[in-house]
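Please consult the sequence and the structure shown here while reading.

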Amino acid sequence: MKLSRQFTLFGSAIFCVVVFSLYLMLDHLQLDRTKNPSSGAGKLFHSGQLTILQEKIDHLERLLAENNEIISNIRDSVLDLSESVKDSKGSPEVGNQSRVGYPELLASPPLVIPIQQEDCHFAAKPYNKPADGVQMLDVYDLLSFDNPDGGVWKQGFDISYNENEWDTEPLQVFVVPHSHNDPGWLKTFDDYYRDQTQHILNNMVVKLHEDERRRMLWSEISYFSKWWDSIDSQKRDAVKSLIERGQLEIATGGWVMPDEANTHYFAMIDQLLEGHQWLERNVGVKPKTGWAVDPFGHSPTMTYLLKQAGMSNMLIQRVHYSVKKHFAIQKTLEFFWRQTWDQDTTTDILCHMMPFYSYDVPHTCGPDPKICCQFDFKRLPGGRISCPWRVPPQTINDGNVKERALMLLDQYRKKSKLFRTHVVLAPLGDDFRYNEASEWDQQFQNYQKLFDYMNSHPELHVKAQFGTISDYFSALRPAAAVDPVSNTSPLLPVVSGDFFTYADRDDHYWSGYFTSRPFYKRLDRVLESHLRAAEILFSLALASVQKANKWNDFPSLENYKLLTEARRNLGLFQHHDAITGTGKDWVVVDYGTRSLVIYNPTEQDRWSVVTVYVNTPRVRLQTASGHAVTAQVSAVWEETTRASREAFQLSFVAQVPALGLTVYRLTEAVELRTVPVDYTFLKQHEELSVDSAEPFRVDIPQDDSLPISIENPLIKIWCSATTGLMERVKYKEGGVEHKVEVGFVWYGTTSNRDKSGAYLFLPDGEAKAYTPNHAPVIRVTKGVVFSEVTTTYQHVTHTLRLYNVQGIEGQSVEISNTVDIRGEFNREIAMRITSDLNSSDRFFTDLNGFQIQPRRTMAKLPLQANFYPMTTMAYIQESGVRLTLLTAQSLGVSSLKSGQLEVIMDRRLMQDDNRGLGQGVQDNKITANLFRLLLEKRSETFKAEESQPEWSYPSLLSHITSMYLNHPVIPMVVSPNYDSLTFAPLSPLRAALPCDVHLVNLRTIQAKEGAGPSHEVALILHRRGFDCEFSNRNMGLLCSTTQGKLPMGKLFSELSVQSVTPASLSLMHTLDGGRSQEEIQLKPMEIRTYRVQLR
């Protein structure tokens, strides 16, 4: 898809405008309540860090009164913090502090998170595969992945049948007309709509009304809504009547048909919700069936979301050809797809896997594409497209109808032999089909003649008709003896796992798109975080407005329209041809005194490092209550060895309440009040000249052979003095040191005719080591807030950073790679991490940030087949240790050797890979990839367990680290226009949510009439599954686990919950449970949505 730069600019603008205006509104209302305490609207939180922390501690005391040891630790932390506050008031100027020491910048919260024993049972329970179960890992072990010639069905086998097989039970055939409309691929979204989509939909209304036996399936609501806005009420009524009569079905009903490899589950839910809410408001439709013919591989996360949205059935297409063949031989192409952790049928959804190569007409009626193509009547002689097999379709008439009907029936019968019932599905469509009225006539008139002949000859034992996908499943369920209550069938198996990595033929694995255009993948994640932040703040602001009855003070309609537009733009980006595809953006605080508002978009109270850019190192930083804050000042390096004299980095540890805002004051000072970092520069065998600026101290040692090290209170890492790359890491608490080496490698592309492109990864063999032409410049930075090692190569600027924070951010190594391969020719660059862990051929990758999928590196597969999508994390482990790489962008990952993790960071490819795009990947941008590396020790109790389970879960530390990485705190410098206002901190929650509960979104629901907001919000929660075998010490969190229980009446500090109504994921259905729930409870891994009214 050719991405519009407007999406990028518009997304950024929406966040800046909406978030800050929401904060101003909340702040205004809070100040209003302070000025008028009799209003009863609450008090202003202005007591500073100690008060906020004490309130959280009081809450924990009530929850954990029985745990005296933990309470004692918390009280000690408060005393330490009190002393540190007293010391800061009476201490000399901050600038006089020693530059050598590394003080604890904030007192340590409790050492151990209180985890209830029951919350550990979920991840520890044994895996019980159903008797009729199919685990995809076992299938991959079983398959040889060869590709013998199968005859007319090249990737399959010959199919035969007995003429009398249908004598007692006739064959039932459903031909499903459909048109797949990509919201941007070779053309832009608007160009496709103008040239094709609007004509498809206009023709649909006319042609379906001509004959009530006709059917049509539609999926993409982004197009449908644009068309709906352009048509009159008469045509809208006609569409509604088609839906009511069952002639038109909306399948899935998301804003787009999303990619399932690179997308984060937040965005998958958001686009599904946007589509379903639009359908409910405008058409009154509730989709029942999922339809996914074009995503390049399929994830069980999508099946879970469809099930939670209230759907019962789904269809998939792009699955590895060897897997399709295996399922066809076993007659398991229809199955119940179950989540791996599910021990019953709760998550089961009935799935149909299309058996053949593609979803176009030549590959859907049966196994022989040469014959099926003859029944694609758009290819009649004289048209713009023809059959590649050079046997064209024939217009059906009385003279040929018998011969043609029997030929088509033969294909239907052969296709039915791959399934366990006599119900056959035959999709009839392709990309942007039915855009001309003539095609509607050609397809529907000729097929109806064929159906009439078949149905009028009882000796054929067949009933053929047009149908929708739900018509098909309605016939399939009784045929397969599916119990309507238990949702089980004696005929259909249960399948668990995923369908990655996809290959459509030979060794053509679609693992390239896991990384293609990484700049946009990183941008997507940033926009997701910003949109979520704006959604939550808008919902809180709107509820505060309602409570204070200040409607005229808040532009709710204007802001809500901006949010809606942002949702839809983000939704478009989740399309399977979009996300599958660095500039610095910082504001210099340039003069005077500025307020710095920092927003925490996570549900946990947080101590995080914040960096802003200032025009002088002489800055004084204070909290809203006037307490001095230790801040580190660093240079901004315009070139490798030349520092800016106009801009500086100011870094400090901010304390921000859950979902809240904290205010800091930046004031230009006469003297140095910040703590400058120290720099050391190295370059092997060459003299260096560094152009620095005051107040930094720069050292260029004569002996450049000594190892480099940096450390914080928890971790120490050693780097090579030659390469600047990490070699070893030590976690101080256990004292264990591990080899963890970082390196870079190149992949080329094969010399065969088919080469790597936007979709395919076809390397020319194993990777070759990255060997720079010149020794890199290594810059070592040591400071009170963070220390780092930055190595500048020709194609990569690589930074390892340790934060001096007692908490989440101090527990891992931050890795940043700024990649620039714009001058390369057919090369791909990867980061390889090599450790001393004995991980064998096992590794683990996440699926959509939602769940973990175990992987095996298979020597029988080509190298490119062993790469998988990594949305948020991947890890390797041995019995006592786990090494996790957490990522802030979706990329392709593998573990090609024991102890290794390898991530493709960017790809530059000069040719098309013959998958329809018509171009290579040559629009590379300088891209910043961001990671965290986490080494965790398994608890002694579990060390002896060597078995590799069929499932796996991240640790609690890994979950929270990933959340912090993908949802960083957001600093906002207050414009001079608002200098007259007094800003106050905001703490909307009474306490942090349970450690394992994630607030996916707090999204205001659109009103039933008009474009404005309603008085309800969608509260979407996810209870994470986590592994208790790993330490939960020193995480700096003020939370506990509660067996998934959440007291709704005590959730918010200022707002009250008026009603809570359980709903399906996308709000299509209201679930049992009533409107008044004092407490809700989530099962492990469960995502739930609630309609909530706040006041």
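Cys719 is buried, its relative accessible area being 0%; buried means under 20% relative accessible area, exposed over 50%, and partly exposed in between, with a 1.4 Å probe and protein chains only. Cys351 likewise counts as buried, with a relative accessible area of 0%.

The model is a predicted one, in which local features need pLDDT of at least 70 and side-chain atom pairs count only at pLDDT 80 or more, while totals for chains, interfaces and linings use all residues. Residues are numbered from 1 along each chain as its sequence is written, and side-chain values use heavy atoms, with hydrogens and water left out.

How many disulfides does a search of the whole structure find? The search finds four disulfides, a disulfide being a pair of cysteine sulfur atoms within 2.5 Å. When the bonded cysteines are counted along the chain, the pattern of pairing is 1-7, 2-3, 4-5, 6-8. In general, such a link is a covalent bond between the sulfur atoms of two cysteines.

| Cysteine | Partner | S to S distance |
|---|---|---|
| Cys120 | Cys1028 | 2.1 Å |
| Cys373 | Cys387 | 2.1 Å |
| Cys995 | Cys1039 | 2.0 Å |

The link of Cys120 and Cys1028 is left-handed, with -90° about the S-S bond. Of its two members, Cys120 is buried at 14% relative accessibility, whereas Cys1028 is partly exposed at 21%.

The link of Cys373 and Cys387 is also left-handed, with -105° about the S-S bond. Both Cys373 and Cys387 lie in the loop between helix H12 (369-372) and helix H13 (401-416), so the pair ties together parts that are 14 residues apart in sequence. Helices (H or I, at least four residues) and strands (E, at least two) are DSSP runs, numbered from the N terminus. Cys373 is buried at 0% relative accessibility, and Cys387 is buried at 7%.

Which hand does the link of Cys995 and Cys1039 have, left or right? This link is right-handed, with 110° about the S-S bond. Cys995 is buried with a relative accessible area of 0%, and Cys1039 is buried at 2%.
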